[in-house]
2 protein chains.
Amino acid sequence: MGIGDDCSVEDVGGGRARLLTTDLLVEDVHFLRTRIPPEDLGWKSLAVNLSDIAAMGGEPRAAYLSLAIPADMDVAWLDRFFAGLEDLAARTRTPLLGGDTTSSPGPLVVNIAVTGEMRLGRVKYRSDAEPGDVICVTGCLGDSGAGLRVLLDGLPDTGDEGVLLERHHRPRPHLEEGAWLAARADVRAMMDVSDGIDSDLQRIMERSECGARVDAGSLPISDELRRVGEARGWDTAELAAAAGEDYCLLATVAADAWVGVAAGFAGAFDRPLYRIGEIVPADEGLSYELDGERVGLGRRGFDHFAGDGADDDADEIGDPDGEDGR
Amino acid sequence: MGIGDDCSVEDVGGGRARLLTTDLLVEDVHFLRTRIPPEDLGWKSLAVNLSDIAAMGGEPRAAYLSLAIPADMDVAWLDRFFAGLEDLAARTRTPLLGGDTTSSPGPLVVNIAVTGEMRLGRVKYRSDAEPGDVICVTGCLGDSGAGLRVLLDGLPDTGDEGVLLERHHRPRPHLEEGAWLAARADVRAMMDVSDGIDSDLQRIMERSECGARVDAGSLPISDELRRVGEARGWDTAELAAAAGEDYCLLATVAADAWVGVAAGFAGAFDRPLYRIGEIVPADEGLSYELDGERVGLGRRGFDHFAGDGADDDADEIGDPDGEDGR
């Protein structure tokens, strides 16, 4: 137990597990100080850590903040940063118990550590997916990546763009969803969506020694992203698969339990648990389908195979090896 | 419990406490990358956190490392950094369980979090000093500050200078000493010496609502520091009081238990528990004596009072208010 999951897990006796996660955010690497309101940066810095606790199924216990502060930063900025952080801390009952503050000769640096707790037997790891499992996510994908594009391109807000930007700046850690899923033995592997399912699924695949087949057309897209994407000609499925920072949860569920788990989730949270694909044997790797055909995810988004890779394969499109179970 | 001590303390039931501490080290603020061997930086980054665990009396459980790495840093440097960190981790049985690595557009940034555990009833805080308590430290003071001076002035090594530099670069966290002192109910307040006793005692004073009187002549000085200090005309008592980064422990002990605690410590560790002063009522503040006279600690070291401050006082030197109990 330890390295390789979203949190470290420690057996503290009495059937309880302690979780700990720590994330380092560096100005100009993870955020642009001039482009994110300080309240939002405070919120997001804590949210990404709480999302790691959610990914194991835990409840947060306390947060610890270390800040390296550049000389040009004023007190008003810091007050606003703390206001955003404390807003989320209060909503999630995660007291800020300590930390460290120092000066920085360069970028603003924010390190947050969060501890959590849960029943040891309920902890969900990345390593427990099995071929046949349904792959699902607890929220829409791509909004955060679209929000970043809104920010960087300076797009005007028709109503939808502001919502996407908010989802980029103020992700909601799926703590309740994580705890709910952790309580179900039929939920097997779980993690949070930080880099996009295209990257994150590969982590489950490595740890669980399996492959994954994703129906690109089933990736849940919010109404806001669908409208903005249509207006601007974006490949929303590519944003959903690869843009990342969604901070919802990615889980696998035993196939015969899927209907019951999905119904229970919908009843508890008034929105679907989105089915996006299934776990397959390791030798199938990660593949995507769209409208029943195998597609590839490239730099310009999803596309039907042509040229290079497909030339190696006599059957090309429609190759049963690529699409059917074995 | 929480902010204000060296670690946060959490009651986890069963009479046990969980400790957590986190420290952020920033290049050019806390260290000069070109002036400290990478192994030593790895060691010291972990040591300062382990010292916080020692300060409460705890045993370390696990460490978590976050690194923001500048583009110009090579793999060999990182390998050496990890070697030093893992050396101390192995010696203190503190497994490195996780963390986060990212790039930095500016300085190298190291954040380490360490968890610890101990009996809840034994946790030592800064807030429990009482007037009459003996003030003591678990090791010599000033070596680390002298080592920094050796480093910055580029002094040649006659044998002693190398030892001082080693104490600056590879402080030893006083974990065994902390656990031993924590097991004694007559040991009241405790913390580690990070900024020098002149600063650190004021933290105990604030939290315990008391004052402190220190015998500057009793501050323990190593043979190495004494020899180098004599050769170079340094005020070794000032280095001992104010230079900091010693990472030994500063504690207060009930006066009637002092002889027994000191004898027990000497028996357990084969070196003295150094008595350096006593806790006094809050209205006496922090004062120093040297050869029975009250002295002040200024930028140029300890000095007998003269000029400014003393002019306000009709009795000047020998003022019983300054030196006698009330």
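The model is predicted, with local features needing pLDDT of at least 70 and side-chain atom pairs counting only at pLDDT 80 or more. Residues are numbered from 1 along each chain as its sequence is written, and chains are lettered from A in the order in which they are written.

In chain A, helix 1 (residues 38–56) packs with helix 5 (residues 175–182) at an angle of about 15°, their axes lying 7 Å apart. Helix 1 of chain A and helix 5 of chain A are therefore roughly parallel to each other. Contact (heavy atoms within 4.5 Å) involves A:Leu50, A:Ile53, A:Ala54 and A:Met56 of helix 1 of chain A, together with A:Leu175, A:Gly178 and A:Ala182 of helix 5 of chain A. The residues of this contact comprise 6 nonpolar, 1 polar and no charged, with Gly counted among the polar residues.

Turning to chain B, helix 4 (residues 160–169) meets helix 7 (residues 223–232) at an angle of about 120°, with an axis separation of 9 Å. That makes helix 4 of chain B oblique to helix 7 of chain B. Among the residues making the contact are B:Val163 and B:Leu164 of helix 4 of chain B and B:Leu225 and B:Val228 of helix 7 of chain B. The contact residues here divide into 4 nonpolar, no polar and 6 charged.

Helix 4 and helix 7 of chain B are also among the elements covering the buried residues of helix 3 of chain B. Those buried residues (under 20% relative accessible area, 1.4 Å probe, protein chains only) include B:Val150 and B:Leu151.

Notes: Heavy atoms only, no water. Axes fitted to C-alpha atoms, helices over the stretch in contact; angles between N-to-C directions. Helix = DSSP H or I, 4+ residues; strand = E, 2+ residues; numbered from the N terminus. Parallel < 35°, antiparallel > 145°, perpendicular 65-115°, else oblique. Buried < 20%, exposed > 50% of the residue type's maximum accessible area, 1.4 Å probe, protein only.
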